[in-house]
Amino acid sequence: MPHDFMPGLAGIPAAKSAVSDVDGERGVLEYRGIRVEELCKRSSYLETTYLLLFGHLPTRSALERWEQDIALHRRLKYSIIDLMKCLPEQGHPMDALQAAVAALGMFYPGRNVTDMENNYWSAVRLIAKLPTIVAAWARLRRGDDTIAPRDELGFSENFFYMLTETTAHPLWVDIFDDCLILHAEHTMNASTFTGLVTASTLADPYTVVASSIGALKGPLHGGANEEVVEMLKKIGTEDRAASYVEEQLRNKRKLMGFGHRVYKVKDPRATILQGLCETLFQTCGTSQLYDIALRVERRAGELFKGKAVHPNVDFYSGIIYEKMGIDTDLFTPIFAMARVSGWLAHWLEQLRENKLFRPDQIYAGEHDRPYVPLDQR
Ligand code: ACO
């Protein structure tokens with residue numbers, strides 16, 4: 001049967017899903033039918049993970065149990081910490097995260113993915129332990145001891161504590177939690193699709209998440225948030241922003257943090273993150289990177305006129321993390337520790353009617369070539 005080839009599978013549905021939806025023309029993103037703006041205003045990251053995984057908002061008692069299950073599974077086995085200590089400290093944190101998550105699967109028995117009770121605990125462990133791995137790696141690589149999680153602290157508050165051994169400003173905690181909500185899920189993107197391909201073989205969830213982490217790392221996907229901050233630092237001052245944008249586009253180079261396969265208007269997450277930047281900088285002092293970013297966005301808007309290229313989720317998130325003193329190369333791991341909930345929601349959804357992914361290809365090579373012996377080539 002002849003097929004049209006769509007590079008990058010652009011516009012080709014790879015699954016039926018009720019987890020989230022994007023309206024790229026109107027700039028609307030909903031998780032289980034609820035707009036992200038609403039979730040940022042009224043929910044928490046952990047409540048949002050529950051919504052994504054189970055399809056509905058939890059009752060008070062269900063939320064308490066969920067929060068408690070996550071809090072009690074944040075600790076890492078010493079062997080995982082020992083394993084991380086063996087990794088080269090100059091290695092990228094996404095590689096350390098991927099290695100640690102893949103190794104996690106070797107420590108937990110019951111990898112039978114048809115057992116829903118087992119799947120629940122795997123999801124709890126993955127959501128709970130990713131921040132502990134990210135924080136542990138951030139400390140180990142500079143020779144510091146890891147800091148154990150504190151059960152009484154909320155999800156985001158505990159992450160800051162494990163990273164810095166201090167309690168973060170409550171505003172930082174709230175803003176960071178909103179950032180996690182905004183990064184938790186985004187329909188059929190590259191890392192979710194990668195995870196689903198792995199999941200379709202009935203591989204265990206640790207392997208599924210490790211695959212997704214690998215896909216998220218690339219600069220065209222989650223890795224763009226790091227590159228945005230590098231770009232803004234390279235520009236250095238506001239007055240150089242316009243000429244930088246002009247030069248990039250003149251040389252047909254991509255502007256990091258701009259453009260999206262689905263959004264034809266500004267990514268709603270970028271709009272919310274920009275608002276969070278304003279709130280953060282009003283309270284904690286200005287950020288030169290933010291001022292440069294505004295100039296970049298303005299000039300890019302003028303030059304992209306007529307082309308649907310606008311800031312995406314990666315444009316403003318890094319500026320927030322930078323102001324919070326978080327290392328640039330931890331931005332994508334933070335993205336991963338939020339997105340794990342979306343990956344798991346799609347994994348659980350797919351298991352209900354799983355079919356092995358086995359796409360077709362359009363063969364563009366030769367046929368019936370003779371084998372030429374080595375001494376005649
Ligand atoms: N800078 C300059 N031009 C751009 C950009 C950009 N960031 N993004 C798109 N364009 C232009 C392209 O040059 C192209 O122009 P042309 O039609 O004249 O050749 C047109 O817009 C379409 O762009 P494509 O790259 O073909 O669109 P695609 O849907 O394949 O790409 C992508 C989407 C990969 C996100 C792209 O916009 C990009 O590379 N952006 C920079 C990296 C980035 O910010 N990635 C994060 C995305 S969000 C996420 O994954 C979490």
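**Exercise 1. Identify the helices that supply at least two residues each to the lining of the second largest cavity, then describe that cavity.**

Solution. In this predicted model, the helices in question are helix 9, helix 10 (205-216) and helix 16.

Step 1: list the lining. The residues are Thr-192, Gly-195, Leu-196, Val-208, Ser-212, Trp-343, His-346 and Trp-347.

Step 2: sort the lining by class. Four residues are nonpolar and four are polar, with no charged residue.

Step 3: state the volume. The second largest cavity holds about 30 Å³.

**Exercise 2. State how many cavities of 30 Å³ or more the whole structure contains, and characterise the largest cavity.**

Solution. Step 1: count. The search finds two cavities of 30 Å³ or more.

Step 1: give the volume. The largest cavity has about 40 Å³ of space.

Step 2: name the residues around the space. The largest cavity is lined by Arg-74, Ala-128, Pro-131, Thr-132, Phe-155, Asn-158, Phe-159 and Met-162.

Step 3: assign the lining to elements. Helix 6 (116-140) and helix 7 (155-164) are the elements that give two or more residues. Helix 7 provides the largest share, four residues.

Step 4: sort by class. Five nonpolar, two polar and one charged residues make up the lining of the largest cavity.

**Exercise 3. Locate the ligand and describe the pocket that holds it.**

Solution. The ligand sits in the largest pocket.

Step 1: describe the largest pocket. Its volume is about 1500 Å³. The lining comprises 44 residues, of which Met-188, Asn-189, His-260, Arg-261 and Val-262 are the closest to the centre.

Step 2: find the contributing elements. Among those that supply at least two lining residues each are strand 1 (20-23) and helix 9 (190-199), together with helix 15 (313-323) and helix 16 (331-352).

Step 3: sort by class. The lining of the largest pocket has 22 nonpolar, 13 polar and nine charged residues.

**Exercise 4. Describe the second largest pocket.**

Solution. Step 1: give the volume, about 490 Å³.

Step 1: name the central residues. Of 16 lining residues, Asp-4, Leu-9, Ile-12, Pro-359 and Asp-360 are the closest to the centre of the second largest pocket.

Step 2: sort by class. Ten lining residues are nonpolar, three are polar and three are charged.

**Exercise 5. Find where Thr-187 and Lys-252 lie, and give the phi angle of Thr-187 and of Lys-252.**

Solution. Step 1: Thr-187 belongs to the loop between helix 8 (170-183) and helix 9. Its phi is positive, about 45°, although Thr-187 is not a glycine.

Step 1: Lys-252 is in the loop between helix 12 (241-250) and helix 13 (268-284). Lys-252, also not a glycine, has a positive phi of about 55°.

Methods: Residues are numbered from 1 along each chain as its sequence is written. This is a predicted model: local features need pLDDT of at least 70, side-chain atom pairs count only at pLDDT 80 or more; totals for chains, interfaces and linings use all residues. Side-chain values use heavy atoms; hydrogens and water are left out. On a 1 Å grid over the protein atoms alone, a cavity is a set of points where a 1.4 Å probe fits but cannot get out, and a pocket is an open set with protein on both sides within 12 Å along at least five of seven lines; lining residues have an atom within 4 Å of a point. A molecule sits in a cavity or pocket if more than half of its atoms lie within 2 Å of its grid points. Grid points are joined across faces, edges and corners, and a volume is the space filled by probe spheres set on the points. Ala, Val, Leu, Ile, Met, Phe, Trp, Tyr, Cys and Pro count as nonpolar, Asp, Glu, Lys and Arg as charged, and the others, Gly among them, as polar.
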